[in-house]
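Hi everyone, thanks for coming. Today I'd like to walk you through the side-chain links in one structure, so please have a look at the screen.

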Amino acid sequence: MMSLAARLLLLVAVAAAAARCAAMAATAHHHKGLRVHLTHVDAHGNYSRLQLLQRAARRSHHRMSRLVARATGAAVPAVSTSKKAAASPGGVGDLQVPVHAGNGEFLMDLAIGTPALSYAAIVDTGSDLVWTQCKPCVECFKQSTPVFDPSKSSTYAAVPCSSDLCSDLPTSTCASAASNKCGYTYTYGDSSSTQGVLATETFTLGDSSKLPGVAFGCGDTNEGDGFSQGAGLVGLGRGPLSLVSQLGLDKFSYCLTSLDDGAGKSPLLLGGSVADISESKATAPVQSTPLVKNPIQPSFYYVTLTGLTVGSTRIALPASAFAIQDDGTGGVIVDSGTSITYLEVEGYRALKKAFVAQMSLPVADGSETGLDLCFRAPAKGVDEVKVPKLVFHFDGGADLDLPAENYMVLDSGSGALCLTVAASRGLSIIGNFQQQNFQFVYDVAGDTLSFAPVQCAKL
């Protein structure tokens, strides 16, 4: 039987959690329609078209390997494609949060603490934890903004080991009974990781939309090549510690401008009334497909890919080709942070074969771009080259019917016309090249993903 003291502690914890959620909902509801420009990480780097492709491909390959490693629990070898290789609805009100692209993925501008310290954090739909680097640093990577010092914030509070927030971590420790601070270690599938103390703090989004009591990792030991563009990470995954879950969002959406549109605007829209697609701004009917849960990989947003069409060819594949396996591997996720789309090798080979058969151009060496399948574009009249249509078919009859610029990219310097799709094993990923100028709505309350073509710079 629970003691009186234990029951009182439980009641206090429940009341505190309820008050925190109510406070976040109330303050968030007060601020709507916030919008800030998106800036691609390479927008001001004076890179050539080839360099942009190379950098995007390099980042995508690294991220794909990391996500696959998480899904399979093992390091992933390079994939050969040759024949020899085998939450509560409406809980937070509505926000539109500024994002700008970074590290091949995206950065969210926010501030933390009281007084608030501004920084930019990588936005990740493939993970949950919200974290930033904290003083005193044991091992920290360089960042452009000051490292957060919890001792200078009046709203910082370490999370006790007895908290449900602590138990929500995949790995937690208590340094000592005296400190009773919830320590965490969060890894990303490769050598990238963050380690420190789980705490709560006031986060400021957009134009001073203050959210008190957000649980975050205050990391004093952080390492990995993928974090250097920001000062931490904001997880938008499906787990209990993600920003989406903590704010009780029913929906969120984003609309990503193309790689070439350095001056474009890409809003991240949080909350049901702003997240939905406006029929007046969509240039085609809204498509919807169920979101699928994988209990072994609960953070990812899975969808069911039922088929592919290239030009006039509907590619016939067994249902198992893209299915989630009993061990948690396989399946197809929609990811904002991977530029290239990756398909299980069986599906990719069929896709590649169909493109080679239907393109009227000779195959070219794509190794310089970092992409697998390229064609030699003509020196003149490249705008008149006919590219086979590419359509992804999803459960529920949803078709992601892509314009050519969402899957074929031209490097005018080398004359290579390349497909931004590659092969993987253990996990398939719908990347952000394919998502550009589509608004994607994640209905986390209704387990539905919806999308429609929208001019994101005009949204």
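Predicted model: local features only at pLDDT ≥ 70, side-chain atom pairs only at ≥ 80, totals over all residues.

Disulfides come next. How many disulfides does the count come to? The answer is five, and I'll take you through some of them.

Cys-137 and Cys-140 form one of these, with their sulfur atoms 2.1 Å apart. The torsion about the S-S bond is -85°, and the link of Cys-137 and Cys-140 is left-handed. Now for the accessibility. Cys-140 has a relative accessible area of 28%, so this residue is partly exposed. Cys-137 comes out at 36%, so Cys-137 counts as partly exposed too.

Let's move to Cys-134, which a disulfide joins to Cys-218, with 2.0 Å from S to S. Why is this disulfide called left-handed? Because the torsion about the S-S bond of Cys-134 and Cys-218 is about -110°. Cys-134 sits in the loop between strand S5 (131–133) and strand S6 (157–158), while Cys-218 belongs to strand S10 (residues 209–223), so the pair ties together parts that are 84 residues apart in sequence. Are these two cysteines buried or exposed? Cys-134 is buried, at 1% relative accessibility, and Cys-218 is buried as well, at 6%.

The next disulfide I'd like to show you joins Cys-166 to Cys-182, with an S to S distance of 2.1 Å. Here the torsion is about 85°, so the disulfide is right-handed. Helix H3 (residues 164–167) holds Cys-166 and strand S8 (residues 182–187) holds Cys-182, so this link ties together parts 16 residues apart in sequence. Cys-166 counts as buried at 3% relative accessibility, and Cys-182 is buried at 0%.

On to the charged side chains. Side chains of opposite charge can pair when their charged atoms come close. In this model, the count comes to six salt bridges.

Let me start with Asp-335. Which residue does Asp-335 form a salt bridge with? The partner is Arg-63, and the closest N and O atoms are 2.7 Å apart. Both Asp-335 and Arg-63 are buried.

Another salt bridge brings together the side chains of Asp-372 and Lys-352, at 3.2 Å from N to O. Asp-372 lies in the loop between strand S20 (363–364) and strand S21 (374–376), and Lys-352 is part of helix H6 (residues 345–358), so the pair ties together parts that are 20 residues apart in sequence. Asp-372 is partly exposed, with a relative accessible area of 34%, and Lys-352 is partly exposed at 22%.

My last pair is Lys-389 and Asp-401, a salt bridge whose closest N and O atoms are 3.3 Å apart. This one links distant parts of the chain, 12 residues apart: Lys-389 is in the loop between S21 and strand S22 (390–394), and Asp-401 is in strand S23 (residues 398–402). Lys-389 is partly exposed, with a relative accessible area of 39%, and Asp-401 also counts as partly exposed, at 39% relative accessibility.

That's my tour, and I'm happy to go back to any of these pairs on the screen.

Technical notes: Residues numbered from 1 in each chain as written. Heavy atoms only, no water. Salt bridge = Lys/Arg side-chain N within 4 Å of Asp/Glu carboxyl O. Buried < 20%, exposed > 50% of the residue type's maximum accessible area, 1.4 Å probe, protein only. Helix = DSSP H or I, 4+ residues; strand = E, 2+ residues; numbered from the N terminus. Disulfide = S-S within 2.5 Å.
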